[in-house]
Structure formats: C-alpha cells, structure tokens
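Notebook open, structure loaded. I want to look up the ligand site and then the domain layout.

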Amino acid sequence: MEKHVKRIGVLTSGGDAPGMNAAVRAVVRAATNRGIGCVGIRRGWNGLINSDFVQMNASSVSHIINKGGTILYTARSLEFMDESGRAKALATCRLLGLDGIVAIGGDGTFRGALALSRQAAEAGMSLRVVGIPATIDNDIGCSHYTIGFDTACNTAIECVDKLRDTMQSHERCSVVEVMGRHAGYLALYVGIAVGATAVLIPEREVDFERDIAEKIRRARLAGTTHYMVVVAEGAGSAMEISGRIHQELGIDPRVTVLGHIQRGGSPTARDRETASRMGYEAVKVLAEGEGNQIIGIQNGFITDIDMETALAMTKNFQMDRYQILEALTNSQGGDF
Ligand code: F6P
C-alpha cells in the first residue's frame, strides 16, 4: 500500500447538517495546501456509483463556509449497501485515481465507508477512508459533538421563543416536536435553553403523569398561565401528547412540528470552527499514511479513532443535564 494519498474524494452523505460545507471547504483547502488532489463526489455514495463528481480546487470552496446545506448534495444510497453497488464505486475510484475518501455524515455513512475500504482491500486496491461526524442528532458514539447540532439547537430555540410570545398572549400550552431520530440531545438542549415546562426524550421512558401532568399542574399552581412542552421525535408524537394533555388536564394545546427547518440555515461559530478543525484533521490523517478512522471531539480535543472501534462505541446519554432540567422544571415560577 502506498503510504501517502495522492488524490482524495470528498462527499457528504445522509441527512444534511449546517456546517457540512465548512467541512468540505476545510478538506479541499487542507488537501490543496499539502499538494494532494481533491475531487468532490456528488449526492453521497451514489456519486461514486454513478461517477457523478466535480474536480475541486481552493477556489471551488470559496464563499461556502457560511452556507447551510451541502454544495455536494447528499443522499442515502440503498445501492451502496450491496457489494455490487460498492464494486461500481470502486471502479469510479480507479477511474479517478482516488486513494483516499473523506466521508462527511453520520453512522450509516461511516458503515458504508468501512465496507468500501474492506472491499477495496480484498480487491488489492489501496483506498483509505476517514469519517467526519455531521448530523443534527449528535448521536455518534465516538464523538461528544457532531457538526450541525449547535445550529439546529439555535434554530429550534429561535422558533420556540417565537411560539412563547403567542402562547403567553393567549395563555396557552404549546407542544413542540423536535428532530433527533432515536436520540434526545436536541430536545434536551433546547428544553434547557428555552426553560421548557416539560421535556420528553427517548432515553427515558415516558410517564405522562410524572413527566407532563405533574409539571403543568405545579406550574399552574405557581401562577403560570402558559406552558411549553418539548418532545423529541423519538419519544413520541406531539399530536398524541397534545391530545392526552387535552383529555387529562382540560387544556387545549397548540402543536408545532419543527421538522426540516432545523436542518437549514447558516452554521453557527461552533459548527464552522468544529467543521474546519475536523476537515483539517481528516486530511492530516490521510496525508500521514493512516486510514479507516473517524475524527471526533472528546472534551474539546480532536481525536482520531479506528473506524471499527468507533462504530462499536455507544454514547452515554447526558443524564446530568437531564437532572439539571428536572431541577429547573420542578420549581417553576410564574412564567416558564
Ligand atoms: O438524521 C437527521 C434527521 O434530520 C433526523 O433528525 C430525522 O429523524 C431524519 O433525519 C429525517 O430524515 P429525512 O430528511 O429523510 O426526512
């Protein structure tokens, strides 16, 4: 195997996340700086299968650090899950002379990357892969933080703050559903940051009486006339929770499902800075002859973890934060 990579393919895959562009920029600029060629693979792994690519240089990534979405487009590729799809992808790698891939995305993206690199090794090809965690769900085991999470939190907070105005005027209850797939990080952080009346997360079994009814009653007794319930999509449906609140507490809530608005927007400072550091590190790993790593952040420091080990890691949910939320929601004042 050649020690140093000569040409890197960079792609974004899975659900988009604000800051993906900043990561693409960092990869391209860091590679250029080291004299390594760079090709943008479009539409995730499908781009490798279909030879859908664009040559990149330092100026192709000008003015994208502040942009949401991904200039490379993204997709979830079913074909890439099959060996035959990956064989087509390897043919594209050969055609383009790629010996390194930086895959920006989530868990599924990294599993695909590992499978590709193993298939390449079996075929006698030198192809190193590196993963950069980017998802608004913050659900990657090997990293305390994933690109996009901070922006998504801030977007959700801005929306909830707006809802608060109208809920306050009408003395209503709002039930807001946030994304996160099977993880409750978005709901937890948003719940703390907006001072929610109650927050439901999938990491904790929901007890309607304890987690919602009691909290609303307590807030009502303390003089609150409007309530904010934040529901992680993985913990239940906001519509159903609202129905139950109506039925059991005689309140008529208004439901807002924030949905994909949380995936858009200009990335925050944290997401731009993290993406730039991770992109730089991914290229450094490849340039130094390493591969099959996932870049992460542990206690604020950048880490490189072997991909197989990283994919087996699970994240300990931040129950300490949940306790903070509990303490603050259990002692409501006259307002949320
Ligand atoms: O993984 C990111 C995410 O936005 C999840 O929070 C959500 O469950 C899912 O993607 C939505 O996927 P899609 O964009 O395919 O509707």
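Which residues surround the ligand? I'm working from a predicted model here. I listed the shell and got Arg76, Thr135, Ile136, Asp137, Met179, Gly180, Arg181, Glu233, His260 and Arg263. Sorted by class, that shell has 5 charged, 3 polar and 2 nonpolar residues.

Next entry: polar distances. I checked Arg76 and found a polar side-chain atom 2.6 Å from an oxygen atom of the ligand. For Arg263, an N or O atom in the side chain is 2.7 Å from a ligand oxygen. His260 also has a side-chain N or O atom at 2.9 Å from an oxygen atom of the ligand. Then I looked at burial: the ligand taken alone exposes 400 Å², and the protein buries 75% of that.

Where does the ligand sit? I went through the pockets and found the ligand in the largest pocket.

I looked up the contact between them, and 10 residues from domain 1 and 10 residues from domain 2 take part.

Last one: why do I say that the ligand lies between domain 1 and domain 2? Both domains give residues to the shell around the ligand, so the ligand lies between them.

How values were computed
Residues numbered from 1 in each chain as written. Predicted model: local features only at pLDDT ≥ 70, side-chain atom pairs only at ≥ 80, totals over all residues. Heavy atoms only, no water. Near = heavy atom within 4 Å. Polar contact = N/O pair within 3.5 Å; in protein donor to acceptor, adjacent residues only side chain to side chain. Areas by Shrake-Rupley, 256 points an atom, 1.4 Å probe, with all protein chains shown as cover. 1 Å grid on protein atoms, 1.4 Å probe; cavity = no way out; pocket = protein on both sides within 12 Å on 5 of 7 lines; lining within 4 Å. Sits in = over half its atoms within 2 Å of the grid points. Nonpolar A, V, L, I, M, F, W, Y, C, P; charged D, E, K, R; others polar. Domains from an automatic or database assignment. Contact = heavy atoms within 4.5 Å.
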